[in-house]
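Hi everyone, thanks for coming. Let me put the structure up on the screen, and then we can walk through it together.

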Amino acid sequence: MGAVMGTFSSLQTKQRRPSKDKIEDELEMTTVCHRPEGLEQLEAQTNFTKRELQVLYRGFKNECPSGVVNEETFKQIYAQFFPHGDASMYAHYLFNAFDTAQNGSVKFEDFVMALSILLRGTVHEKLRWTFNLYDINKDGYINKEEMMDIVKAIYDMMGKYTYPVLKEDAPRQHVEVFFQKMDKNKDGVVTLDEFIESCQEDDNIMRSLQLFENVM
């Protein structure tokens, strides 16, 4: 997946290869234990072209020859991108958000559907996905403890070289300010509607909660 993460950011600049490679691309998909859905179906379900899906799949397969990735492998891959911090907890929460079936593994379809939202989805789609990331226990609400867990994981992941002057209680202060803004009816939890409304009316919340930057 490291290869994938390095690949999807430059998808638009990739040159098209000769069409004869399409046969090779399709044949490659039979060599793994889990074969993803047909590219035509994934193209219809995502905001990627078939060619882009082929590039993404090749990178995914290079990192995950079995066609699926478990949480431990996901953490190992993700840690490579944040060598100065501890990315394990954030990777855990991110993995759970990708693992929509909650069966302990992420298939190519899961991965590419999430990428489609995060890279090319509407603002509303991105916010819904991020709400699901913060809703750790998947009960449809974000409480202060869940927000604290995610924000602390982000601080730990970015590491001391990124945030050299922050105090130990910085994550909690961060959460107190933004939870107060989001919990509009003051009932102790943030609903999806409150989350979307708060993020759309306050650019600082979007930036500070790492909604669209550093989520991948």
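Let me start with lysine 184, which is partly exposed, with a relative accessible area of 33%. For that wording, buried means under 20% relative accessible area, exposed means over 50%, and partly exposed is in between, using a 1.4 Å probe and protein chains only.

Before I go on, a word on what you are looking at. This is a predicted model, where local features need pLDDT of at least 70, side-chain atom pairs count only at pLDDT 80 or more, and totals for chains, interfaces and linings use all residues. Residues are numbered from 1 along each chain as its sequence is written, and side-chain values use heavy atoms, with hydrogens and water left out.

Back to lysine 184: which residue forms a salt bridge with lysine 184? The partner is glutamate 201, and the closest N and O atoms are 2.7 Å apart. By salt bridge I mean a side-chain nitrogen of Lys or Arg within 4 Å of a carboxyl oxygen of Asp or Glu. This pair links distant parts of the chain, with glutamate 201 in helix H11 (residues 192-201) and lysine 184 in the loop between H10 and strand S4 (189-190), 17 residues apart. Helices (H or I, at least four residues) and strands (E, at least two) are DSSP runs, numbered from the N terminus. Glutamate 201 itself is exposed, with a relative accessible area of 52%.

By that rule, the count comes to 8 salt bridges. Another one joins glutamate 176 to lysine 144, with 3.2 Å between the closest N and O atoms. Here too distant parts of the chain are linked: glutamate 176 sits in helix H10 and lysine 144 in helix H9 (residues 144-158), 32 residues apart.

Now helix H10 itself. It covers residues 170-182, has 13 residues and reaches 18 Å from its first C-alpha to its last, close to the 18 Å expected at 1.5 Å a residue. The expected span is 1.5 Å times one less than the number of residues. Where do the buried residues of H10 lie around the axis? They are Ala170, Pro171, His174, Val175, Phe178, Phe179 and Met182. They cover an arc of only 145° around the axis, which puts them on the same side of H10. That arc is taken from the directions from the helix axis to the C-beta atoms.

Next, the aromatic rings. The whole structure has 12 aromatic pairs. Rings of Phe, Tyr and Trp (its six-membered ring) pair if their centres lie within 6.5 Å; planes under 30 degrees apart count as stacked, over 60 as edge-to-face and the rest as tilted. Tyrosine 78 and phenylalanine 82 make a tilted pair, 5.5 Å centre to centre with 35° between the planes. Tyrosine 78 and tyrosine 90 are tilted as well, at 6.2 Å and 40°.
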